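Trainee: Please take me through this model one feature at a time, giving the general idea before the particular case.

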Amino acid sequence: MAVLTSFLLNFGFTVVALLAILVLYVKYKRSYWKSRGVTSVPGHWLFGNVKEAALQKKSFANVFGELYQQASEKDVVLGFYIFHKPFLLVKSPELIKQILIKDFNIFPNRHFSAGSFHDEIGNTNLFTIQNPPWKHLRTKLSPIFTSLKLKKLFHLIVENSESMNKYLEDQFSNGTKTKSILLRDVTLRYTTDIISNIAFGVQVNSFNPDNTELFEKVQEGLNFSIKRGIQFATMFFFPSVAPFVGAQMLGSSTDYFRKVFWDSMDARELNKVKRGDLIDLLVELKNEKQDNEDFKFTGDALVSQAAIFFIAAREASVTTMCFTLAELAKHPEIQKRTRAEILEKLAEHGMTYEGVRSMKYLYQVISETLRLYPPAPILDRVPIQNYKIPGSNIVIEKGTPVYITLTGLQRDPKYYRDPLTYNPDRYNEENKDEISQCTYIPFGDGPRACVGTRLGQLQSAIGILTIIKDYEVSFDSTCNCEIDNRNVFLSPVDKFNLKLTKL
């Protein structure tokens, strides 16, 4: 009995001692920003300032937007914590400009970077790779996204929009006038068909029940779950830990992507038929002399470029289309004006590149969606040396993650009148000059801005107009237009649905 009592006392003392050490450690780590004269806000003892996002009760986009709002107007930066780790949130557009553009040489890399993944596919793509290999890679890949190349891809996008249109028509073939449609699923199939063609040289029709293998295989690996949400959050905020949670960019679809890519590469090289798409460029890079010591275009490094383009271009456009349609459903007068312009320009130009580009109000609508629902709501950078913020005594230490939250910046009443009001006229000729530089950056800014911006906007515009020209979109209590709380990026929930009425 005495032995047991002694053991329990020793065990209890050890537990208390360990808890005391943990509390002291947390207090020490949480003093980081105060000791540097940076404003910070109180947080949970364990989760820091992201408890609701960590528990998947709110999206990281919304939590970061709320953090932004907690800073005072005079604060150019705000210190915060994720668990025990210090991060810095940038509020000032002037400082954002310094970081993304003027001092890019000090902030060339993302925190969500090369150490995040088990696989080379995740480590070597244009989004995650660090400088100087990034610069070499960007120079090689940029030519595929010029306006001239985009114009040549226009017919491909239209062909896939016609498949989507036929699918929707079939939903109303029994004479039904109004029907609830799972628009996330519809837009995923539409963008999958476009991007798989451009990135992998594979022509599919995901709306055809007999031709859905690629779509289904991709979805197996990329569908979001609680587990994948935790993995992506770890990759984004704690990249050095991410390999230990089994994180892979393509998930369980990795081997399938490899097979599709190399089959397409072999076929393209064998047939020697060039289409001017991404797979053509990657064939050239595979065969050119590899004289750059920083980066070699071999193996999974080639697969990686097609994979990141597939994921980013697909998901960003799905988010843009879904939330645009939701806002049009909530604002019938804006929907009516959008449809009138679409029908007018189609009557004038037909379904042509010039005709779509002339739909100025449609692009204003898309711009307003991107302001309120930026698909990549958090921009991240890491300084490669200590950096003194201009006009202050604050020094950002080398390696400190620096974030820009677009759900805070682009909804700030200081820069946008009635910021939560959906108003596409912010971007018309009369008003667009009122938008200050670096207060609207849904595609980033500076040298590391999104390389596929124009393609993403074009496929989103064609997808939206295909639906709006033939259907009235409406919203009621049975519709679900929420943001997926599991995702670090801003995306619609799986069962995102609206009502469509055939016109």
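**Backbone angles and a cis bond**

Mentor: Let us begin with Phe83, which is placed in the loop between strand S1 (77-82) and strand S2 (85-90). Please keep in mind throughout that this is a predicted model.

Trainee: What is the phi of Phe83 near?

Mentor: As a general idea, most residues other than glycine have a negative phi, and most peptide bonds are trans. In this case phi of Phe83 is near 55 degrees, a positive value in a residue other than glycine.

Trainee: Where is Gln56 placed, and is it buried or exposed?

Mentor: Gln56 belongs to the loop between helix H2 (51-54) and helix H3 (60-70), and its phi is near 60 degrees, again positive in a residue other than glycine. With a relative accessible area of 19%, Gln56 is buried.

Trainee: Which peptide bond is cis?

Mentor: The bond from Asn131 to Pro132 is cis, with omega near 10 degrees. Pro132 itself lies in the loop between helix H5 (120-123) and helix H6 (133-141).

**A three-stranded sheet**

Trainee: In what order do the three strands of the open sheet lie?

Mentor: The general idea is that in a regular strand the side chains alternate between the two faces of the sheet. Here the order of the three strands is S3-S9-S8, with antiparallel pairing, and the sheet is open. Strand S3 (178-182) and strand S8 (471-474) stand at the edges with a single partner strand each, so one side of each has no neighbour in the sheet. On average, and with direction ignored, neighbouring strands of this sheet are turned by 35 degrees against each other.

Trainee: How many bridges join S3 to S9, and over how many do S8 and S9 pair?

Mentor: S3 and S9 run antiparallel and are joined by five bridges; within this pair, Ser180 stands opposite Lys499 in S9. S8 pairs with strand S9 (residues 497-502) over four bridges, also in the antiparallel sense. Here you can look for Tyr471, whose bridge partner in S9 is Lys502, and for Glu472, whose bridge partner in S9 is Thr501.

Trainee: Which residue should I look at in the loop between S8 and S9?

Mentor: Look at Asp484, which lies in that loop and counts as buried at 5% relative accessibility. Leaving aside neighbours within four places in sequence, Asp484 is in contact with Ser59, Phe224, Ser491, Pro492 and Val493.

**Two helices packed together**

Trainee: At what angle do H8 and H13 pack?

Mentor: The general idea is to compare the angle with a cut-off, since angles over 145 degrees count as roughly antiparallel. Helix H8 (residues 183-200) and helix H13 (residues 300-330) pack at about 150 degrees with their axes 9 Å apart, and they are therefore roughly antiparallel to each other. Their crossing is right-handed. The residues that meet include Leu183, Thr187 and Ile195 from H8, and Ala306, Phe310 and Met321 from H13.

**A buried strand residue and an annotated cysteine**

Trainee: Is Val402 buried or exposed, and with which residues is it in contact?

Mentor: Val402 is part of strand S7 (residues 402-405) and, at 3% relative accessibility, counts as buried. Beyond neighbours within four places in sequence, its contacts include Leu88, Val90, Phe107, Leu379 and Ile396. Val402 and Gln335, by contrast, are 38 Å apart in space, C-alpha to C-alpha, and 67 residues apart in sequence.

Trainee: Which residue does the UniProt annotation "binding site" cover?

Mentor: According to the unreviewed UniProt entry, the annotation "binding site" covers Cys450, although such annotations may be inferred rather than shown by experiment. Cys450 lies in the loop between helix H17 (406-409) and helix H18 (453-468), and it is partly exposed, with a relative accessible area of 39%. Apart from neighbours within four places in sequence, Cys450 is in contact with Arg138 and Phe443.

How values were computed:
Residues numbered from 1 in each chain as written. Predicted model: local features only at pLDDT ≥ 70, side-chain atom pairs only at ≥ 80, totals over all residues. Heavy atoms only, no water. Pairing = 2+ DSSP bridges. Axes fitted to C-alpha atoms, helices over the stretch in contact; angles between N-to-C directions. Buried < 20%, exposed > 50% of the residue type's maximum accessible area, 1.4 Å probe, protein only. Contact = heavy atoms within 4.5 Å. Parallel < 35°, antiparallel > 145°, perpendicular 65-115°, else oblique. Left-handed = near helix turned anticlockwise from the far one by under 90°.
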